[in-house]
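Dear colleague,

I am passing on the structure below, and I would be grateful if you could look through it alongside the notes that follow.

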Amino acid sequence: MRLKKVSAHMKTYLVFLCHSLDHVFEKNQENVSMIKKSNRFFFNVKGGNSAILIGKRGQTLEAMQYIVEKIVNKKRKERVGIQVDVEGYLEKRRISLEKTAFRLAEKVKRTGKTATIGQMNSHDRRIVHIALKDDNMVRTQSMGEGILRKLVIFPKKNSSRKKNH
């Protein structure tokens, strides 16, 4: 299946999912925009009830992305990457996670005790890992299994908070 046809199918599936979740949409096609970069498609949904489409901590949004990606890639030899966003939620979430990561890293450095951020999906954990990767005084590690997987911020052994004494 050619990429142009695939992108049309993805948009159709996404519009159907959005419409199923939110009957406020008037003209479905006008509410979903798409940008293609290399072998990845980025969809942005505008309008309707964004709270319903995003869900608690982005769970509905993540599920929509998963479903569209599975449908599209089911019979394809070469996997197509898909990212679905609603009203810029993903960028706002990234900024919020980075602020939390920096705040908790400062607390870890100040107290010398670990800090835990509970129940995060892989995308959110990755944002925190990347945000703190260049901080030489802390390290991050994902722990646990499945939906209970969490991220722990540890003080690095060589960076004692009491070096000034």
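Two strands are said to pair if DSSP finds at least two bridges between them, and helices (H or I, at least four residues) and strands (E, at least two) are DSSP runs, numbered from the N terminus. Please keep in mind that this is a predicted model, in which local features need pLDDT of at least 70 and side-chain atom pairs count only at pLDDT 80 or more, while totals for chains, interfaces and linings use all residues. Residues are numbered from 1 along each chain as its sequence is written, and side-chain values use heavy atoms, with hydrogens and water left out.

The chain holds five helices and six strands, which follow one another along the sequence as α-β-β-α-α-β-α-β-α-β-β.

Three of the strands form an open, antiparallel sheet in the order S4-S6-S5. Strands S4 (115–117) and S5 (138–143) each have a single partner strand and stand at the edges, so one side of each is left without a neighbour in the sheet. From one strand to the next the twist averages 25 degrees, with axes taken as lines fitted to C-alpha atoms (for helices over the stretch in contact) and angles running from 0 to 180 degrees between N-to-C directions.

S4 pairs with S6 (residues 150–155) in the antiparallel sense over three bridges, and alanine 115 has isoleucine 153 in S6 as its bridge partner. Helix H4 (residues 89–111) packs on this sheet and touches S4, S5 and S6, its direction making about 40 degrees with that of S6; contact here means heavy atoms within 4.5 Å.
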